[in-house]
Amino acid sequence: MASSKNDVRHYTGFFPITVLCLVILYAPLLVVTIYSLNDSNSITNWEGISFRWYVDVFTGPESDKFKTAAWNSFTIALMASVMATTIATLAATAMVRGGSFRGRGLSLGLISLPLMVPEIVTAVATLIFFSMIDFTRGYLTILVAHTAFCIPFAYLPISARMQGIDDNFEQAAMDLYASKRQAFTKILLPLMAPGIVSGLLLAFIVSLDDFIITNFVKGAGVETLPTAIFGSVKQGIKPNIMAISTMLLGFSIVLVTISFLISKSDNTK
Amino acid sequence: MTDTIAIDVRKAVKRYGDFTALQPISLSIHDNEFFTLLGPSGCGKTTLLRMIAGFEDVTEGEIFLFGDEIKTLPPHKRPVNTVFQNYALFPHLTILQNVMFGVEMQGKPKSEAKARAGEMLELVQLSQFAHRKPSQLSGGQQQRVALARALAPQPKVLLLDEPLSALDLKLRQAMRFELKEIQRETGITFIFVTHDQEEALTMSDRIAVMSAGRLQQLGNAQDIYERPHNMFVADFIGETNLLEVSVDAIQDKRAICHLGGGHELTCDAVDNIGIGSKVHMSLRPERLFLSDDPTESESLAGTIRENIFVGTDIQTLVTLENGPQMTIRTSNSDRGNKRIFEPGTPVYVNMEMGAGRLLVD
């Protein structure tokens, strides 16, 4: 504990700087959320509260495009996150439970490096890779790319959880006549479950929100929600974009919250 | 304890690369025996236990369980169970599910597992906690759950890896009796690993004292306490005065020795002692007593240095004339018969017949 004298709250300018940071971070989101309720064709003139742009998202002229894009986003996010989580779980098992093997440090670096690489680099590299192997761009390329970049996101909460699990549990299970597989499924997996679910949700949200990589690797005619929104914005921002963005924001907040709560949850109490 | 051999360790060796954790060791542990592996940390006792459990490979030698070679079997195929030092109770399962686990993994029906687990929880008096999670139990209760879980599959041998070390003193003492009682009731062979000599002395049928990867002495509590084979055992088990002596002569199986300052002592000779050799003599503090005059044939003159009250005893430090310092314990129960000498008083340290024990190394 910091003593009250050294408490960060007593630093000069602490309060104004905090407020400034919060405003910079959240003001744009707040503006979008508020103006999504604007009963006006203009995005800047306030004409009172209405849900007409939310209705427009589902019934308006662009609704078919958004529905298809949302469905693509959802199915890709679902499949990519499940595959990425499966791979990440196996990777975490090897890294945390595999003892020290040759190339362990290198593997650890390789798993988490994509988090540090600028996304545009990954996007370009992925695109070049697909072109080199003559892979026709479309739904499948998005799915493969998403699975790949979701792995480190799924890996982090899973390995964090796993590091907190005592080695002795598996030994105790095997001592009590469980085979290696039974020790994994009956003891290790349930103990890892909160980490796995948390990783899954994180991977899902990352896939759902991704724009840059998707934009590079998607084929003509295949859109996810972020690329569809971008496409609409290029023809001028209409208030329906604000409505759809607000919905996407709300959905993300819910998932991130669930992910956070699950990672904190404890099935041992 | 019966004549049947439960575990037979034959020249077992454990090496990690260049490091030898366990020198060739041979032990026969009887069925229904409470057998203790005692030694300081790093002596190889846990390594040997883990080799029997199957968590460590046997580098050389063999291990037999009731006549069957088991060293190639994986842990889950060995009919032995372990009580782990930190219990390793499965945190996501209830107490009942924990105790049922081993029986279920043996392929027994759930109803049977439940019945066995119920019996075991009764044995350790924890039936009322069956539906709690391990984290809701105290350390002592978790310890008993670990015991119940290891006993439930009816192992042929139970391995206990310092199971009491995490408990506080009072609980530890109570658990010693409970463990001993459960061992008698179930009739299962217990192999108990500890670094606590008091624990070993009070519970075991036989004790194997280990140090530096070697078996130092094997015997019952009285054997190893009263007739230690070497310096290590004498020093590690209980308290003792180790005096450096030279053997002057051997007469009628008695060794006549002298120590610095011209003091002379005799005691029973042991094998492999040569005249003129420098050896150590172990004198237990409770087998010595103080007086104004030399009352026994074996007496050493000295001066009282300090009296320390240690509850049950008074511990007196005496400096021998031109010689080393010795510790003498006087029980508080019969203090009425014995004088407390003030520091600085000249006294004689007398020893009971057979108190001295020569140690070769």
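How many residue pairs are in polar contact between domain 1 of chain B and domain 2 of chain B? I started my notebook with that question. I found three residue pairs, both residues at pLDDT 80 or more. A polar contact is a pair of N or O atoms within 3.5 Å; within protein, one must be able to donate a hydrogen and the other to accept it, and residues adjacent in sequence count only if both atoms are side-chain atoms.

**Ground rules**

I am reading a predicted model, where local features need pLDDT of at least 70, side-chain atom pairs count only at pLDDT 80 or more, and totals for chains, interfaces and linings use all residues. Residues are numbered from 1 along each chain as its sequence is written, chains are lettered from A and ligands numbered from 1 in the order in which they are written, and side-chain values use heavy atoms, with hydrogens and water left out.

**Entry: the two domains of chain B**

I looked up the bounds, which come from an automatic or database domain assignment. Domain 1 of chain B is 5-231 and domain 2 is 239-359. Their C-alpha centres lie 39 Å apart. I then checked contact (heavy atoms within 4.5 Å). Eight residues of domain 1 of chain B touch six residues of domain 2 of chain B.

Next I looked up the buried area, the accessible area (1.4 Å probe) that two parts lose on being put together, summed over both. Between these domains it is about 690 Å², and carbon and sulfur atoms give 54% of it. On the domain 1 side, Tyr225(B), Pro228(B) and Met231(B) supply 73% of the area buried against domain 2, more than any other three residues.

**Entry: Val13(B)**

I moved to one residue. Val13(B) is in strand S1 (residues 5-16) of chain B. Helices (H or I, at least four residues) and strands (E, at least two) are DSSP runs, numbered from the N terminus.

Is Val13(B) buried or exposed? Val13(B) counts as buried because its relative accessibility is 2%. Buried means under 20% relative accessible area, exposed over 50%, and partly exposed in between (1.4 Å probe, protein chains only).

Leaving out residues up to four places away in sequence, I listed what Val13(B) touches; among them are Leu22(B), Met51(B) and Val58(B). I also checked Pro346(B), 333 residues from Val13(B) along the chain. Their C-alpha atoms are separated by 53 Å.

**Entry: chain A against chain B**

I counted 20 residues from chain A and 28 residues from chain B in the contact. The area buried between the chains is about 2,200 Å², with 63% from carbon and sulfur atoms. In chain A, Asp175(A), Leu176(A) and Tyr177(A) lose the most area to chain B, together 37% of what that side buries.

Helix H7 (168-175) and helix H8 (180-209) of chain A each give two or more residues to the side that touches chain B. H7(A) gives the largest share, seven residues.

**Entry: chain A as a whole**

I counted eleven helices and zero strands in chain A. The C-alpha trace of chain A spans about 70 × 65 × 35 Å along its principal axes. Buried residues make up 41% of the 269 residues in chain A.
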